Every structure is written in structure tokens, then in C-alpha cells.
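Subject: Structure handover

Hello,

Here is the structure you will be working with. Please open it next to this email and follow along.

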Amino acid sequence: MKYIGLIVGLILGAVGMYRIDYVLYEGLNYFGKYVFFAMFNLFVLWLFWFFYKRFEGVLKIAMPLLLGVVLLLVGYKFV
């Protein structure tokens, strides 16, 4: 039960990051864009882990879930 927020948040975040990457990929025209995308996506994954490890109780479930919802909404706003 304690991993449910992390798992659902990661799924929502993955959908949001796919939408964000899909929009940004066409706009960047330089060789380092692959490094940018890799580091940006790793940073977002690190944020999920940070929010999961930082908080206790209900916030341990809610914070990764809220981050996933925010990424999903931002991803759909871009498209």
C-alpha cells in the first residue's frame, strides 16, 4: 500500500513526460538535445524518488501522486 502513490505517480508522470518530450523534441535542433532529454527525464525521476523518501505518512503517498498529476497536466497543456 505504501508504494501505490509512487507507482501511480510514475505512470502519470511517464505519460506527461512523453507529451512534453514529444513537443520539445521537434523544437530543439542541436546535437546536445539527446543529452538534454536524458538529463531532464532523469531529473524528473529523481524528483519522484526525493518526494517519496522525504515525506512520511500520507504525504509519502500523496506527493509522488501529485507530481505525476502536475506533469500530466503540463504535458497535455503543451499539446
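Leu24 sits in helix H1. Helices here are DSSP runs of H or I with at least four residues, strands are runs of E with at least two, and both are numbered from the N terminus. Keep in mind that this is a predicted model, where local features need pLDDT of at least 70, side-chain atom pairs count only at pLDDT 80 or more, and totals for chains, interfaces and linings use all residues. Residues are numbered from 1 along each chain as its sequence is written, and side-chain values use heavy atoms, with hydrogens and water left out.

Is Leu24 buried, exposed or partly exposed? Leu24 counts as partly exposed, because its relative accessible area is 27%. The cut-offs are these: buried is under 20% relative accessible area, exposed is over 50%, and partly exposed lies in between (1.4 Å probe, protein chains only).

Phe37 is 13 residues away along the chain, and the two C-alpha atoms are separated by 9.0 Å. Tyr76 is 52 residues from Leu24 in sequence, yet 13 Å away in space, C-alpha to C-alpha.

**The chain as a whole**

The protein chain has three helices and zero strands. From the N terminus on, the order is α-α-α. The C-alpha atoms fill a box of roughly 45 × 20 × 15 Å, taken along the principal axes. Of the 79 residues, 28% count as buried.

Contact means heavy atoms within 4.5 Å. Take the contacts in the chain with a separation of 6 or more: 65% of them join residues 24 or more positions apart.

How confident is the prediction? The score is pLDDT, the predictor's confidence in each residue, from 0 to 100. The chain has a mean pLDDT of 85, and 100% of its residues reach 70 or more.

**How the helices pack**

Axes are lines fitted to C-alpha atoms, for helices over the stretch in contact, and angles run from 0 to 180 degrees between N-to-C directions. Angles under 35 degrees count as roughly parallel, over 145 as roughly antiparallel, 65 to 115 as roughly perpendicular, and the rest as oblique. A crossing is left-handed if the near helix is turned anticlockwise from the far one by less than a right angle, and right-handed if clockwise.

Start with H1 and H2. Their axes come within 11 Å and cross at roughly 160 degrees. H1 is therefore roughly antiparallel to H2. The crossing is right-handed. On the H1 side, the residues that meet H2 include Leu6, Met17 and Leu24. Among their partners in H2 are Phe37, Phe40 and Phe48. By class, this contact has 13 nonpolar, three polar and two charged residues. Here Ala, Val, Leu, Ile, Met, Phe, Trp, Tyr, Cys and Pro count as nonpolar, Asp, Glu, Lys and Arg as charged, and the others, Gly among them, as polar.

Next, H2 (residues 33–54) and H3 (residues 58–78). They pack at an angle of about 155 degrees, with axes 8 Å apart. So H2 is roughly antiparallel to H3. This crossing is right-handed. Val44, Leu47, Phe48, Phe51 and Tyr52 of H2 make the contact with Lys60, Met63, Pro64, Leu67, Gly68 and Leu71 of H3. These residues divide into nine nonpolar, one polar and one charged.

Last, H1 and H3. Their axes come within 7 Å and cross at roughly 20 degrees. That makes H1 roughly parallel to H3. The crossing is left-handed. By class, the contact has 17 nonpolar, six polar and one charged residues.

Look for Gly5 in helix H1. Gly5 counts as buried because its relative accessibility is 2%. Which residues does Gly5 touch, not counting those up to four places away in sequence? They are Ile61, Pro64 and Leu65. Pro64 is 59 residues from Gly5 along the chain, and their C-alpha atoms are separated by 5.9 Å.

Then find Tyr76, in helix H3. At 44% relative accessibility, Tyr76 counts as partly exposed. Leaving aside neighbours within four places in sequence, Tyr76 is in contact with Val15 and Arg19.

Best wishes
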